[in-house]
Amino acid sequence: MNTIEFLQISSAVVPDREALVEVGGTNRRITFEEMLPLVTKLANSIQALGVEHGEQIAVMSVNSADYVLTYYACAMLGITFIPLNYRAKDEELTHMLNVSEAQALFVSDRYVDLVERIRPTLTSVKTFVAYGEPRDGYASYADMLANGSDEDIWVDVDDHEATLVIFTSGTTALPKGVQLTYLDMTAYVTNQNPADPEIHEKLLVSAPFFHVAGATAMMLAIWSGRTLVILPAFTPEEWLRAVDQEKTTHAFVVPTMLKRIMESPEFDKYDISSMKSITYGAAPMPYEVVRRACDVFSPRGIGLVNAYGQTESTATLTFLGPEDHDLSTDTEIKERRLRSVGKSMPDVELGIMDDRNTLLPPGEEGEICVRSDRVMKGYYHQEEATSTAIIDGWLHTGDVGKLDEGGYLFITGRKKDLIIRGGENISAGEIENVLEDHAAIEEAAVIGVPDPDWGEVVKAVIVLKPGAKVTVDELTKYTKERLASFKAPAYYAIVPELPRNALGKVLKTDLRKDYGTATDDGM
């Protein structure tokens, strides 16, 4: 199914409903009935640029209605859409554009200087399109939208063609392009009901569209007939204001966003009673934060959902639902399961495997692997990396975890994040969870550092709560009471904050560079 059909169906079922609403200044509003002709005009203008079915178009912009229109115009033409992470380094952006063989690049005003800086290094881009002010050397997006033909376009796409190439974060190497197909997206959205004239929900998106959580929001909202409320850039106050003013019902946030929303001095100033559900994911959620969220949101009737997934799996693999966050009953069991990422989605087969790719029983720790129609086609032009990630139909996530007796998945670390001390494998995630339960510790990240006797030993990089103090002896005693002694950190570093990427994932590479010595720092 071509994803353009999501829009065609919803525009027929709920034509008068607002499809796209920009908040945070522009207040632009487009109904489903208005959206389809705009997409058609833009698709005709893109076709006039000479970009054809099977080729690629890239976008560098903050979230906007035009971003969404550009995606659906590409889908109408069978063109692969490449949303670029504008926070990436120059060499990474050059790599993404050249590897993906993008024929055209759509750019918002904010990133024109960046594009001009890397423009001499680009090998495939023939046309540059300006979303904002007209400028020399750029086609005008406004003109394309205004002057495009309204002639209907139909391109026959194969379900296994890539509709999106999303580049992974590249925290340890140059980013890899994940190919997500029309089938991937169709399998993802059809977990939800299609547009219904009797049900009007509003999805607030603050995750950037270059991330899989933002990209799938573009699909899900249009398929389900929800109004997509678009926040160009996140702040807690803008998020709360959008919920209040637009009466949004659903939202996706990363853990750091949820924490900042709850801590906002203006939290009680806004009416968030319209919200039915807040989904969080894309990075590990500290237990203390989710435990507090249960006390803040559940009594207000707002369901919390923990969604665990990857770009390679078209987002969500498992979910911990609202009932699991309601601690009014079965509190002890639910508090334990708050540390999990829940159960697998209906269309996902979940397995825990050892190093020989053998499935392990519940309770045993191994690599988290999945089979689903939503597994990526592969990494773009990287066959070796693809064959390593997908073996016998199973996507190997690189995450390490275990299943409990109820089928709840607990993530204990990253396969590449293992610390090997004297031949013993140590999961960083297990130690981080223990440290974050300490009354003085806000956040913790664990790395391995060289040791002449053991090869590697554990070092913990910690952020303290305001006003808190700890000593090495206190932390050593605390961890050895809760972990096998060989897992206890040998060294500690206290830092004001942990380095993170745009979606809140801790950058272990940066930590190893700055704190990867066998020393105590800041203690």
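**Ground rules.** I am working with a predicted model, where local features need pLDDT of at least 70 and side-chain atom pairs count only at pLDDT 80 or more, while totals for chains, interfaces and linings use all residues. Residues are numbered from 1 along each chain as its sequence is written, and side-chain values use heavy atoms, with hydrogens and water left out.

**Helix α2.** I took helices (H or I, at least four residues) and strands (E, at least two) as DSSP runs, numbered from the N terminus. Helix α2 covers residues 32-48. At 1.5 Å times one less than its number of residues, its 17 residues should span 24 Å, and the end C-alpha atoms are 25 Å apart, which agrees. I looked up burial next (buried is under 20% relative accessible area, exposed over 50%, partly exposed in between; 1.4 Å probe, protein chains only). Among the buried residues of α2 are F32, M35, V39 and L42. After α2 comes G50, with a positive phi near 100°.

**The sheet.** I found an open sheet of 3 strands in the order β25-β26-β27, with mixed pairing (two strands pair if DSSP finds at least two bridges between them). Its edge strands, β25 (441-451) and β27 (491-494), each pair on one side only. Strand β26 (residues 455-464) runs parallel to β27 over 4 bridges. I also noted I462 opposite I494 in β27.

**T329.** T329 sits in the loop between α12 (322-325) and α13 (331-337). From A19, T329 is 310 residues away in sequence and 38 Å away in space, C-alpha to C-alpha.
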